[in-house]
Amino acid sequence: MNKIVEKENFSEKVVKIVVEAPLIAKARKPGNFVIVRVGEKGERIPLTIAGADIAKGTITIIVQKMGVSSTKLCNLEVGEYVTDLVGPLGKPTEIHKVGTVLCCGGGVGVAPLLPIVEGYKKAGNRVITVIAARSKDLLILEDEMRKHSDELIVMTDDGSHGRKGLVTEGMEEVIKREKVDECITIGPAIMMKFCSLLTKKYEIPTMASLNSIMVDGTGMCGACRVTVDGKTKFTCVDGPEFDAHKIDFDEMMSRLGGYKEEENDKMDHFQN
Amino acid sequence: MERSEEYIKNERKQEWRVELQKLTKAKDRMAVERVEMTEMAPEERIKSQRVEVNIGLTKKQAMLEATRCMDCVNPTCMEGCPVSINIPKFIKNIERGNILEAASVLKETSALPAVCGRVCPQEVQCEQKCFYVQKLNLPSVAIGHLERFAADFERESGVISVPELAESNGVKVAVIGSGPSGLSFAGDMAKSGYDVTVFEALHEIGGVLKYGIPEFRLPNAVVDVEIENLRRMGVKFITNYIVGQTASLDDLRAEGYKAFYVGSGAGLPRFMNIPGENSNGIMSSNEYLTRVNLMGADSEESDTPILRGKNVVVVGGGNTAMDSVRTAKRLGAERAIIVYRRSEEEMPARAEEVHHAKQEGIEFLTLTNPIEYIADEKSRVKQIKVQKMELGEPDASGRRRPIPMEGSEYTIDATVVVVAVGVSPNPLIPNSVEGLEVSKWGTIEVVKDKMQSSIPEVFAGGDIVRGGATVILAMGDGRKAAKNMNIYLQEKYLSNKVEH
């Protein structure tokens, strides 16, 4: 049982939760994720870690209401408990000094990108960050990103904040303007696919962090399998980050929908 | 706890045993027919994942079956038991009606008797070595059924004995993984006076006993009672804790843990790497069974979804394949089909599981192997292309090697496919502990019979060493490791020379 000590509604659908987890706070590194379960009938769901406070013994997770499990988590209030929380899981991001790094985040993918941006900056890189969302109210962590980046570009689909356009437009502008040595992308699968296509064109090494379906998160179930360079990998223990240019994003997107109908049924059951 | 032959012989000469031996003539013992386990009717039991198939023996049945046992001078049955249960002693206690005493005999060497009585492959262990099989060519004494009976009787009586514990020595040891191997180890170490803490990655204690083996074969309540017993012996359990991730081995050393037992299991499912295998609707048996057994996805109340299908194919011939295919039937599959590349004779599953599966209407396509999956426009599997096989010469496993028959391909319709072709060792511990020697298959290397790894204070056993075996072999490893870790710690920290 882990107590929620802080909660902030970023928007109607996106919530920031700070939860007690002293050991995870100490052990986590950029790129790691946790598995969370809410309620005795609850599902185990993977969520990326957006930050940690070792002194307070807490970690921050940012959740978007999607199905039953994420909604139940978002509905918890300060003082209430998450039933189970385990981690940190996955291989951490390999952060080193490479020169200029382009960090691109979309939607709630901006949350796990934050510790990576911080890490790259601390390692002495020039960090240019592009964050994107459909509209202003879905945009998260803008101030934090600005603080840790040398430059921040904000893109919205509808132009309600920052510049109007897709994340890739912001990225391409940077790539055309200066030499980018490495790129990292986290966000919806379709976004990561197009980021990857773009950087492939410019031959910039790119990592993508995947948010596959998982049950245990420790390698046991294989629900998170993904094809990378023609080989099946497990996102939980081999990832969650992979060479974006080698990921079969189409297969990945279809696998994310592998339980769509069943999930919708659960949602109907939950709402009625 | 390891008993000498002399000790066993002396026990056999105890007055009550001698009286029992005299009470019934050998001829009369042999004339008794082996007891038949009472089972739920197949058409009833397939309605629920949580109804146990075997109902158990009555006391009368058990006592009669116990008279069949000859109380042999040289009990060969015991050689077949990986945890060296004193089989004649517990059976003779049943014969004289002292069932609670029988249960406590089981607990002398087994941390999980009610579990073993249900899931051990007795027909290739103790029962195969039974005098009846070896010398008389008759069905063996039903040792497994009797073991289950004694353990269940004790549990249901509410009078549960706690094994005798040595005085606490204050030495802290950590167990990584709460499956059968870790539990067995924890039990023996607690008996020897150690301060034992078990760390479990999942939110439930029990490992494969909870996430893997379905409740129709092993009810969770049975596992929980055995875990509760360990708690009463002073064993502590911590869930949601992944050693190597949540904290390192060094962190635990700093907390005062002097030695470690790794029983983290064979956590990584194998796939066949054939075209289309990553289509939706195709999953590992681990995923399928975990969703149902651990997460309760068979119930509408559970938040965890499960895929159901009219036609479900399970690939493989082991116990996990049987568990998966029978689960599919219980989730409403009209056709639940085993596809196995060898013949039924080579199937590694327990004979009883195959028998029960057939009763439940499971179809068996043996000498058949999947070669490709065909998906619909939404990437959901709709058909499996299979190939017929024939058996050639025996391979390294001693079983006849299946050889594909050219031109024999055909397709089977299925919208759910469960792949149960084995597991690889979980990489989390081998990856996170520096200096730990690992084989090319990813299993932890140990000194055989000692279960000690390349790091002296780290012992390991079960599937992380074996790469995929049975509950009872994992438990046997746990006992061996406990015995040898005890010697190691006694000499290192307690200044006691222990006779090896």
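## Interface, cores and an enclosed helix

The contact between the two chains draws on 39 residues from chain B and 42 residues from chain A. The model described here is a predicted one.

**The interface**

The size of an interface is often given as the accessible area lost when the parts come together. Between chain B and chain A, about 3,600 Å² is buried, and carbon and sulfur atoms give 53% of that area. On the side of chain B, the residues that lose the most area to chain A are Asn278(B), Asp303(B) and Pro305(B), which together make up 20% of what that side buries.

Asp303(B) also takes part in a salt bridge, its side chain meeting that of Lys72(A) at 2.7 Å, N to O. The count of salt bridges between chain B and chain A is one. Polar contacts across this interface number 21 residue pairs, with both residues at pLDDT 80 or more.

In soluble globular proteins, nonpolar side chains tend to be buried together. The largest nonpolar core in this model has 92 residues, and Ile87(B), Phe90(B) and Ile94(B) have the most contacts inside it. Helix H20 of chain B, residues 471-493, gives the most to this core, with eight residues. Domain 1 (5-157) and domain 2 (172-267 + 425-494) of chain B both give residues to the core, so it lies between them.

Leaving aside residues up to four places away in sequence, Ile87(B) touches Cys77(B), Met78(B), Cys81(B), Cys126(B) and Ile143(B). Another core, of 36 residues, lies apart from the largest one; among its members are Ile213(A), Met295(B), Ala321(B) and Ala357(B).

**Helix H6 of chain B**

Helix H6 of chain B spans residues 87-95, and nine of its nine residues are buried, so the helix is largely enclosed by the rest of the structure. Its buried residues include Ile87(B), Phe90(B) and Ile94(B), and also Lys89(B), Lys92(B) and Glu95(B). The buried residues of H6(B) pack against six helices of chain B: H1 (5-12), H2 (15-23), H3 (26-31), H5 (59-68), H7 (99-109) and H10 (143-157). Just after H6(B), Gly97(B) adopts a positive phi of about 85°.

Technical notes: Residues are numbered from 1 along each chain as its sequence is written. Chains are lettered from A and ligands numbered from 1 in the order in which they are written. This is a predicted model: local features need pLDDT of at least 70, side-chain atom pairs count only at pLDDT 80 or more; totals for chains, interfaces and linings use all residues. Side-chain values use heavy atoms; hydrogens and water are left out. A nonpolar core is a set of buried Ala, Val, Leu, Ile, Met, Phe, Trp, Tyr and Cys residues joined through side-chain atoms within 4.5 Å. Buried means under 20% relative accessible area, exposed over 50%, partly exposed in between (1.4 Å probe, protein chains only). Helices (H or I, at least four residues) and strands (E, at least two) are DSSP runs, numbered from the N terminus. Domain bounds come from an automatic or database domain assignment. Contact means heavy atoms within 4.5 Å. Buried area is the accessible area (1.4 Å probe) that two parts lose on being put together, summed over both. A salt bridge is a side-chain nitrogen of Lys or Arg within 4 Å of a carboxyl oxygen of Asp or Glu. A polar contact is a pair of N or O atoms within 3.5 Å; within protein, one must be able to donate a hydrogen and the other to accept it, and residues adjacent in sequence count only if both atoms are side-chain atoms.
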